[in-house]
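Hi,

Here is the structure I promised to pass on to you. Have a look at it first, and then read my notes below.

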Amino acid sequence: MGQLHIAKDAVQLSTDLAEWIANYIKEVLTKKDRFTFVLSGGSTPKLLYTLLAAKPYNESIPWEKIHFFWGDERAVPFEDSRNNAKMAYDELLDKVGVKAENIHVMRTDIGPEESAAEYEKTLKQYFEGEENTFDFVLLGMGDDGHTLSLFPGTSVIHEHDKWVTSFFLPAQDMYRITLTAPVVNHSAAIVFLAVGTGKAETLKHVLEGEFEPDTYPSQVIKPTTGELHWFIDEAAAANLKA
């Protein structure tokens, strides 16, 4: 299940997670000279990014030592409002001192298959010889139980070899580029962020139900040696036995 962190509402939850992230970055950087951070798209992390981009975190976090990656991307132009990278630039990256060479986007100016292959090559070069992959992965969970671009009933849920892949998602009439479970599960710390009553029933199944990854893909995220944390609000936690 991982460790649960339950807050009253989305504001308190994002505040708690911002503090947790800042402390964790500080801790990791006492042991190494760079920190790798995987960003999540969607609407839920926007408040978190806004908090990180403001005082005190915009001054206390050593942004120049952080390398940013993405968990998944919609294969739409960067200027498109649905582009995950654009949201992160608008809410966070353009507002803090991140070096341009430390930002590793999933390219959408090339074909999705080519983009996925290029991103996988980048990651394997970056983490060659490392015990873990990313220091920190931020994930969301959809009302349907998906995370990253691992949607219910899609074959990518069962990917065991590729670190990054792409596929066409008919329900959204678009290609998606995504990290897979193997590379994420070798991370040092993974945090799910989930808020609202719409997540309550799904969260109960993901955390307390049978292992049904084709129905609840978030269940395939199981760190091999790293930490797993769930930051959720009271509404999302409403149906949990614990």
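Helices and strands here are DSSP runs, helices of at least four residues and strands of at least two, numbered from the N terminus. Counted that way, the chain in this predicted model has seven helices and nine strands. Its radius of gyration is 17 Å, close to the 18 Å that the globule rule gives for 242 residues, so the chain is as compact as a globular protein of that length. Along the principal axes, a box of roughly 45 × 40 × 35 Å holds the C-alpha atoms.

Of the 242 residues, 52% count as buried. If you take the contacts between residues at least 6 apart in sequence, 76% of them join residues at least 24 apart. The accessible surface comes to about 11,100 Å², and carbon and sulfur atoms account for 48% of that. As for charge, there are 22 positive and 37 negative side chains, with the centres of the two sets 3 Å apart.

One residue I'd like to point you to is Ile103. You will find Ile103 in the loop between α4 (84–91) and α5 (112–126). Is Ile103 buried or exposed? Its relative accessible area is 14%, and buried means under 20%, so Ile103 is buried. Leaving aside residues up to four places away in sequence, Ile103 touches Phe68, Trp70, Tyr89, Leu93 and Val98. Of these, Phe68 lies 35 residues from Ile103 along the chain, yet their C-alpha atoms are separated by 4.9 Å.

Enjoy exploring!

Best wishes

Terms used. Residues numbered from 1 in each chain as written. Predicted model: local features only at pLDDT ≥ 70, side-chain atom pairs only at ≥ 80, totals over all residues. Heavy atoms only, no water. Rg over C-alpha atoms; globule rule 2.2 N^0.38 Å. Buried < 20%, exposed > 50% of the residue type's maximum accessible area, 1.4 Å probe, protein only. Contact = heavy atoms within 4.5 Å. Areas by Shrake-Rupley, 256 points an atom, 1.4 Å probe, with all protein chains shown as cover. Lys, Arg positive; Asp, Glu negative; His and termini not counted. Charge placed at Lys NZ, Arg CZ, Asp CG, Glu CD.
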